[in-house]
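Biologist: Could you please take a close look at one part of this model and describe it in a connected account?

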Amino acid sequence: MTIDSVRGAPGTGELADSELVQLLTPEGERVDHPDYPLDITAEQVRGLYRDLVTVRRIDLEAVALTRQGELGIWASLLGQEAAQIGSGRALTDTDMVFPTYREHAVAYCRNVPPLNLLGLFRGVNHGGWDPKDHGFHLYTIVIGSQTLHATGYAMGIQRDGVLGSDKAGATIAYFGDGATSQGDVNESFVFASVFNAPIVFFCQNNQWAISEPLEKQSRIPLYKRAQGFGFPGVRVDGNDVFACLAVTQKSLAHARDGQGPTLIEAYTYRMGAHTTTDDPTRYRLKAEEESWKAKDPIERVKKYLVKEGEADEAFFADVEAEAKRMATELRKACLALPDPQPLAIFEHVYADPHPMISEEQEQFAAYLASFEDEGTAR
Amino acid sequence: MSERKQFKLPDVGEGLTEAEIVKWHVRVGDQVEVNQTIVEIETAKAVVELPCPFEGTVGELLVEEGTTVDVGVPIISVDVGADGSAGPAPSGGAAAAPAAEAAPAGATPVEAVPHEEVPHEEVPQADEPGVVQPEQPKRQPVLVGYGVKPGATKRRPRKQSSPPAPATPASSTPAPSPSPSPSVAQAAPAPAPAAAQAARPAPTVGGSDAASRSYPQVVDNGMPLAKPPVRKMAKDLGVDLSTITGTGPRGSITREDVQQALAAPAEAPAAASGARAGAPATTGVREERIAVRGVRKATANAMVGSAFTAPHVTEFLQVDVTRTVETVRRLRELPEFADVKVSPLLLVAKALLTAVARYPMVNSAWVDAPANGAGNGAGNGTGGGAEIVVKHYVNLGIAAATERGLIVPNVKDAHTLTLPELAWALAELTAKVRAGKATPADLTGGTISITNVGVFGVDTGTPILTPGESAILCIGQIRDMPWVHEGELAVRKVTTLALSFDHRVIDGELGSKVLRDVGAMLEDPIHLIAWS
């Protein structure tokens, strides 16, 4: 057996540039795409840059906290900032997001406090935000199942009869390249397609499903799968925040207008480990990581801003300082998170009181009260 | 005034219990910042760098490099300045801090030393009214970072009187009538086996947990406590559960208990409860179970895959290598080899490379047709579409025993290297492997291998092929032997070569030629010059 004999399916390598929607090159050059025009002010670009740097810094802090034993685990978004910020900033208030467990930057765009995310991975809450308030569903750990939830939700919006109006919303389901091998994802493609549901499937193809490379997942580029289900698919440079913004905006508008689903494949790279419990040096080569480093999503925006004279050193220093300040505060707040109360587990099982849960709660309270010290209410 | 804080080894990988300190990145006296990398550790899963949780001056490195420590053990102390730049104000930690400072530096790290960064650890139990157990360790945080250590947990004491109505401790079934309180249960008359269990002295195996427990050992139905899989296991093994003292939670019988009972069958049926009581304490561990993981697992899979896929043939040849040993000695004196280790392995490697050049087929791989896209390797196919891939390059694998287990890194494009280059390549590979720095690239893509069992003081072996290769050369120890040399009996340096090869690819004739030529080149390195 050689590695070569089982790897390297045809046609899954790097695509010709024409297939990849790109509006900002790794060198910071602005390019146009006929299908995806993007009007963006300098202020907006600076805003995107600030977003990118901030979420990377938050992510870094979370990884460090995990290494210090303060979080149980963390799924780093390093390298995928542009895909998440670009798509996240394309959303409007009426849209609903169904994330995986790595969409920290999308959560940031939806004003979910990063501390909530840390609490989740610290094991002191189950998310702790109201999905309705933020238009951002709770993190889904099970691979791909959120695509079904998102499809169902989209079909609900459709049945509200609001599509095409000002109140129209769409759903966006995030998932990774590995999830495309799941039945759930394929089922949701079928439903979304035949019901023409207002949904955007946003696949962050970061090349690795934990240790499984893309070429073991698919023999065709992932975005081409959409065609078989009967809706459009597009591959976008996932490290290009402009392209991710433009393509997602257009796809969402398309969905809100009642024109059905779109699959966006954001072609990107997971620069870090799958999670903090993973060691990528065991299955991939340094050279591959290095080649992607040159395509860093943040550097290219910085180069663009400098080249266009839209930002100076003071701006970049300020962004860095602000991100560091946020991270320091986040660390402090994380360490101060209280342990959950034992009885809290009964609180959100049902929306309304339920006799069986109430009974169990009473029994558990009595059990906790049966100890000599440190009874129930600590 | 500064405050000394300790950083305990966290569980960085979901349920790991220990890690090795591989390399410190800081020294005592160094200034450290929050999140500065201070140490590299290796867990069962990965080598990871740990960032410092404090800002301050390194006070002490509590664990030496190369030492494996349990999760939760303090590994470094940092003197944090009065500005308290690290972490939240130590509210509850105020009481605990003096204790930590009072502890002598370098004292054996103990669980009780609080990690002051974590608020929920700061609750000093001694401050609670009514707690009169000074020896009880601080509560173990279980949410993140530090898992519960087996044996280190203690049950909180229950109130003596039975709680009112619905609470039914120790029983999952909501019985309508309150069950007797635990203390009563032990004394109360119960069905026969239960009485026997209750009368038994508390088991010592389970440590403090078992000793302090006040639950009845059996439930009302008279059956010993054991989970269904354990019951099935005991049934399958013919072990009577009622003869076993449980060491699990609430005295339940665990798999280990059943295995231990099986390992000591003589004692078990000997007599009733009285005789049994002493048995577990005096019996040493007769068997040990080691989970198969990591390199061990990878090795096992590779060996099974190879041994049961490629039909192996092994041939042997005893060789007088006196001249090779002499050549090695003389090479060492040459300036080209001044700074690099020269060993007989170098000439063995060169001889094998030369043999490969003469017989390329030996440096090849059997590749099954990629039928069904299964992609699970060589499979067991012997026909349709299979190919023999002859490699016109040599990535020379050198089997190496490391602390993590057997690995076979390879020297890339070894066929292009001059002898000094090959010596350097081997030396670098060895150093890398010793340092645990072999990368996946080093470990994959080999085309033919050498295994040197001679270093272990044995003569030969029947090596199993590295998966994906068709031949492996084994060299044994070189030792003084009586040998017929130039018609006379003489004491010569003799070694045994063994060559295993994949008979699907290589026939006996080819294998024999390769082995014979390698032997000839080692017997007289003039052949090495002649053929290379």
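Modeller: In helix H13 of chain A, the buried residues are Val319(A), Ala323(A), Ala327(A), Leu330(A), Arg331(A), Cys334(A) and Leu335(A). Here a residue is buried if 20 or more other C-beta atoms lie within 10 Å of its own, exposed if 12 or fewer, and partly exposed in between, with C-beta atoms placed from the backbone. The model is predicted: local features need pLDDT of at least 70 and side-chain atom pairs count only at pLDDT 80 or more, whereas totals for chains, interfaces and linings use all residues. Residues are numbered from 1 along each chain as its sequence is written, and chains are lettered from A and ligands numbered from 1 in the order in which they are written.

H13(A) comprises 23 residues, 313-335; helices (H or I, at least four residues) are DSSP runs numbered from the N terminus. From first to last C-alpha, H13(A) reaches 33 Å, close to the expected 33 Å, the expectation being 1.5 Å times one less than the number of residues. Its buried residues pack against H2 and helix H5 (114-122) of chain A, where contact requires C-beta atoms, placed from the backbone, within 7 Å.

After H12(A) comes Gly309(A), with a positive phi near 70°.

Terms used. Helices (H or I, at least four residues) and strands (E, at least two) are DSSP runs, numbered from the N terminus. Two residues are in contact if their C-beta atoms, placed from the backbone, lie within 7 Å.
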